[in-house]
Amino acid sequence: MSEGEEAAGTGGRQRLRLPPGQAVRYEHRPLHYGRVPTFRPERWDFRVFGATESLGTYRWTWEEFGGLPRADVVRDFHCVMRFSVPDVPWGGVRAADLVGLAPPSPDVTHVMAWGEYGYSANMRLDDFLDDGVLLATHRDGLPLAPEHGFPLRLVVPHLYGWKSVKWLRSVEYMVGDRRGFWEERGYHNRADPWGEERFSHQEEPGAGPPLQ
Ligand SMILES: Nc1nc2c(c(=O)[nH]1)N[C@H]1C(S)=C(S)[C@@H](COP(=O)(O)O)O[C@H]1N2
Ligand SMILES: [Mo]
């Protein structure tokens, strides 16, 4: 959204496209658990493993990763801490293109995205294949800042921010679901901000909106 639109719409338009319980924050302050890892290009690799069609693991060095087809997406970013950053421009490799290069076996239903230090987030394969999902190397046309995930992060803009794994190192294809780091610690398994899926207690049938 342009600033003009926002002013002209007296905020109404802005509120309409904001998920429930969220407020706009223009400053994209980094948020994560633990410390920012050091990038060592000679040791870095990116892997796709688990239930691949070939049963083998795919691996790219940093140089090889730079040769993959590129795409740009602009999407709002929604953190479960109740702020949303509008119109973030990301550049990188579409998850759908990666899956094309590393075909999953037909029974894959979910993926686990793995970051440095064992941070992880699970999602359905169809969420991973959404056309907004990017393995991002750039933001605002520049390489990611270290604290925003340099050299590579996942961006899953249609789910809450904790699914957007920074310092991404691998993607695991899974034939069933398994919970990731925050999903094991009280956060919702799917994390759709439009359904306000914040906490795991909401996964009980008929539970409704979050208690907090
Ligand atoms: N590796 C890793 N990735 C992470 C996190 C983390 O703690 N570790 N935090 C997540 C959360 S909760 C959010 S909201 C976003 C924040 O991304 P940003 O710091 O670029 O705004 O990163 C996500 N990715
Ligand atoms: Mo978050």
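Colleague: Which residue in strand 5 is the bridge partner of Cys 79?
Modeller: In strand 5, Cys 79 has Phe 83 as its bridge partner. This is a predicted model, where local features need pLDDT of at least 70, side-chain atom pairs count only at pLDDT 80 or more, and totals for chains, interfaces and linings use all residues. Residues are numbered from 1 along each chain as its sequence is written, while chains are lettered from A and ligands numbered from 1 in the order in which they are written.

Colleague: Thanks! How many bridges join strand 4 to strand 5, and are they parallel or antiparallel?
Modeller: Strand 4 (residues 71-79) runs antiparallel to strand 5, with 8 bridges joining them. Strands here are DSSP runs of E with at least two residues, helices are runs of H or I with at least four, and both are numbered from the N terminus. Two strands pair if DSSP finds at least two bridges between them.

Colleague: And what sits in the turn of that hairpin?
Modeller: There are 3 residues between strand 4 and strand 5, and Arg 82 in the turn has a positive phi of about 80°.

Colleague: Which strand does strand 5 pair with in the parallel sense?
Modeller: Strand 1 (residues 23-24) runs parallel to strand 5, joined by 2 bridges. Val 24 has Ser 84 of strand 5 as its bridge partner.

Colleague: How many bridges does strand 5 make with strand 8?
Modeller: Strand 5 and strand 8 are joined by 5 bridges and run antiparallel. Gly 92 is bridged there to Ala 136 of strand 8.

Colleague: Is Ala 136 buried or exposed?
Modeller: Ala 136 counts as buried because it has 27 C-beta neighbours inside 10 Å. Buried takes 20 or more other C-beta atoms within 10 Å of a residue's own, exposed takes 12 or fewer, and partly exposed is in between, with C-beta atoms placed from the backbone.

Colleague: New topic: what is the strand order in the open sheet?
Modeller: The open sheet has 5 strands in the order 3-2-11-6-7, with mixed pairing. Strand 3 (58-61) and strand 7 (120-124) are at the edges with a single partner strand each, so one side of each has no neighbour in the sheet. On average, neighbouring strands of this sheet are turned by 15° against each other, direction ignored. For that angle, axes are lines fitted to C-alpha atoms, for helices over the stretch in contact, and angles run from 0 to 180 degrees between N-to-C directions.

Colleague: Who pairs with strand 3?
Modeller: Strand 2 (residues 45-50) does, in the antiparallel sense over 4 bridges. Phe 46 is bridged to Trp 60 in strand 3.

Colleague: And what about strand 6 and strand 7, parallel or antiparallel?
Modeller: They are antiparallel, with 5 bridges, and Met 112 has Asn 122 of strand 7 as its bridge partner. Strand 6 and strand 7 also form a hairpin with 4 residues between them, in which Tyr 117 has a positive phi of about 65°.

Colleague: How many residues are in the largest nonpolar core?
Modeller: It has 37 residues, and Ala 113, Leu 134 and Leu 135 have the most contacts inside it. A nonpolar core is a set of buried Ala, Val, Leu, Ile, Met, Phe, Trp, Tyr and Cys residues joined through C-beta atoms within 7 Å.

Colleague: Which strand gives the most to this core?
Modeller: Strand 6, with 4 residues. Elements giving two or more residues include helix 4 (95-101), strand 8 (134-139) and strand 11 (168-174).

Colleague: What surrounds ligand 1?
Modeller: There are 15 residues around ligand 1, the closest being Pro 30, His 32, Gly 115, Gly 161 and Lys 166. A residue counts as near if its C-beta atom, placed from the backbone, lies within 6 Å.

Colleague: Where is the cis peptide bond?
Modeller: It runs from Phe 150 to Pro 151, with omega near 10°. Pro 151 is in the loop between strand 9 (142-143) and strand 10.

Colleague: Last one: is Leu 55 buried or exposed?
Modeller: Leu 55 counts as exposed because it has 8 C-beta neighbours inside 10 Å. Leu 55 is in the loop between strand 2 and strand 3, and its phi is positive, near 70°.
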